[in-house]
Amino acid sequence: MEDYDVYERSLNDTFTFSCDPGVSCFNECCGDLSQYLTPYDILRLKNHLGMPSSEFLAVYTTQHIGGESGLVVVSLKPDPSSKALRCPFVSPEGCRVYEDRPASCRSYPLARVASRSRETGKITERYMLMKEPHCKGFGRERTITVRQWVEEQGLAPYNRANDLMMELISAKNRFAPGQQLDLTSQNIFYTGCYDLDRFRTEILGTGELADMGFDEKRCAAAKTDDDILLPLALEWVKRMLYGTTY
């Protein structure tokens, strides 16, 4: 694995970086793929491609159980025609799903590190700047703050959704630390986190959420609004697995 330097940056700190087809290393970071996908990543990608979530997951992803979390982890499947394990969405001209690319792609060369206090529930965030030897974007004459980069790259909705996912993982760590989910619980987790079209059809459309005390107006809105659907689905997973919304 390539060695690289990491520097912590606050929201108001600056760094010098830009990436476009004029950079000699353009598209190199889209090879040797090791790309985990968050629920919001999958939601944006499957909508961009006009695919039901079940089909997107079957065609473009692989799944495994995280060794430390015991939870289902979804990864992007490399292009099967590429020996370099390249992203299936990269082309010589660049990313074919650029408008809806995953959070880790759009935040690069930054990585967001978030943590949630068990006592207060407050989420704090830090940003790490990664300087990889192959990347020539650092030689460009463009200086920008971390805060400006986050806004420019449209990371706010990704961060909000990822924080909700972190709350779910936190509940897992409190109630079943280190334990792998049983098959029924894995199915609940996978459906509510990743297979949202299936959740909309098999759970949202049955009245089950109303029976669990979920607000009926919220459930009705989630039938057509994905930004309402995902938080609702994650909350359903928490209630189903751990009996809590906190």
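This report describes a pocket, a helix and a strand pair in a predicted model.

## Second largest pocket

The second largest pocket has a volume of about 150 Å³. Its lining consists of Y40, L43, P157, R160, A161, L164, D226, D227, L230 and P231. Three helices each supply at least two residues of this lining: helix 1 (39-49), helix 5 (156-175) and helix 10 (226-242). By class, seven of the lining residues are nonpolar and three are charged, while no polar residue takes part.

## Helix 6

Helix 6 spans residues 183-193 and is mostly covered, with eight of its eleven residues buried. The buried residues are S185, Q186, I188, F189, Y190, T191, G192 and C193.

The N-terminal end of helix 6 is capped by D182. A side-chain oxygen of D182 lies 3.2 Å from the backbone nitrogen of T184.

## Strands 3 and 4

Strand 3 (residues 61-65) pairs with strand 4 in the antiparallel sense, over five bridges. Within this pairing, Q63 stands opposite V74 of strand 4. The hairpin formed by the two strands has six residues between them, and G70 takes a positive phi near 70 degrees there.

Strand 4 (residues 72-76) is largely enclosed by the rest of the structure, because five of its five residues are buried. In a regular strand, side chains alternate between the two faces of the sheet. Both faces of strand 4 are covered: V72, V74 and L76 are buried on one side, and V73 and S75 are buried on the other.

Note on methods
Residues are numbered from 1 along each chain as its sequence is written. This is a predicted model: local features need pLDDT of at least 70, side-chain atom pairs count only at pLDDT 80 or more; totals for chains, interfaces and linings use all residues. Side-chain values use heavy atoms; hydrogens and water are left out. On a 1 Å grid over the protein atoms alone, a cavity is a set of points where a 1.4 Å probe fits but cannot get out, and a pocket is an open set with protein on both sides within 12 Å along at least five of seven lines; lining residues have an atom within 4 Å of a point. Grid points are joined across faces, edges and corners, and a volume is the space filled by probe spheres set on the points. Helices (H or I, at least four residues) and strands (E, at least two) are DSSP runs, numbered from the N terminus. Ala, Val, Leu, Ile, Met, Phe, Trp, Tyr, Cys and Pro count as nonpolar, Asp, Glu, Lys and Arg as charged, and the others, Gly among them, as polar. Buried means under 20% relative accessible area, exposed over 50%, partly exposed in between (1.4 Å probe, protein chains only). A polar contact is a pair of N or O atoms within 3.5 Å; within protein, one must be able to donate a hydrogen and the other to accept it, and residues adjacent in sequence count only if both atoms are side-chain atoms. Two strands pair if DSSP finds at least two bridges between them.
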